[in-house]
Amino acid sequence: MSRPPKTIEITLYNRLTVLRAERDLTRQQLADAVGINVQTIGYLERGDYHPSLELAFKLSEFFKLPIEAMFSRTPFKPLSETVYRKESP
Amino acid sequence: MMKTQPEPLNFKLARVTPLWAFKQYARRALVIALMLSPFALLLAPLISSNNQLFAVVLASLFLIGYIVILAWLIGATRARADSPDAYLDEREIAMRNEVYLKSFRIIGALVSVGFVIFTVFPDAPVPARGVFGLLFPIVLFLPTCVLAWTQPDPLEE
């Protein structure tokens, strides 16, 4: 029987950097808005830290977007591709 | 009128800590210095030979050095190892808890090694009081040291 891994690998992609840049916000401003440390924003953006459900909801309320628009278990397509994609007939 | 909470003392330390101490390599050097300082304190009587006054001055200097290094370490880690939940966000709480787990494992390993040594060599000429005297200042601030050692450099904006 194989031994269980010591750590649980979770892959969670996010669009926080893009969303923050679109709104011309600094990490400090976003951190203050959701009540966390500015370093935590950096960790979230780099994917080094995964948010709790509560923090995900706070971010969702701040950006006025559903959670699945910000976080995904599969890589996001570029926003431009999503917006301007030509529908096939 | 809303009463503002006074800033905790260990948070003030972050402001008086030199900027270079926030870098990971500097924090690691400070941790090594802090770990060695109790041993340096023991050397004071040896270096000063028979001069009692010199021994006291030397020991005082080592003690002041220990306190300054400790203050810088607490400041460089922004006292996250000792802060209550109210002052931390969820990532910092998780990080603090992990630091305490690592510290517990280190202390457990040190106690186990001590137990084995004193069991194998029951007549060892090392007084248990002296060993605990050396370990006490190390173990007391171990979570801060582990955090200072493991925490990466702060991310740039």
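The model is predicted, so local features need pLDDT of at least 70 and side-chain atom pairs count only at pLDDT 80 or more, whereas totals for chains, interfaces and linings use all residues. Residues are numbered from 1 along each chain as its sequence is written, and chains are lettered from A and ligands numbered from 1 in the order in which they are written.

K64(A) has a positive phi of about 55° without being a glycine, and it sits in the loop between α4 (53-63) and α5 (67-70) of chain A. Helices are DSSP runs (H or I, at least four residues) numbered from the N terminus. In chain B, R78(B) is likewise a residue other than glycine with a positive phi, near 50°. R78(B) lies in the loop between α3 (52-76) and α4 (90-120) of chain B and counts as buried, with 22 C-beta neighbours inside 10 Å.

Helix α6 (residues 142-150) of chain B is mostly covered, seven of its nine residues being buried. Among these are L142(B), P143(B), T144(B) and C145(B).

Turning to the interface, 11 residues of chain A and seven of chain B take part in the contact, where two residues are in contact if their C-beta atoms, placed from the backbone, lie within 7 Å. The side of chain B that touches chain A comprises five charged, two nonpolar and no polar residues. In this scheme Asp, Glu, Lys and Arg are charged, Ala, Val, Leu, Ile, Met, Phe, Trp, Tyr, Cys and Pro are nonpolar, and the others, Gly among them, are polar.

Notes. Buried ≥ 20, exposed ≤ 12 C-beta atoms within 10 Å, placed from the backbone. Helix = DSSP H or I, 4+ residues; strand = E, 2+ residues; numbered from the N terminus.
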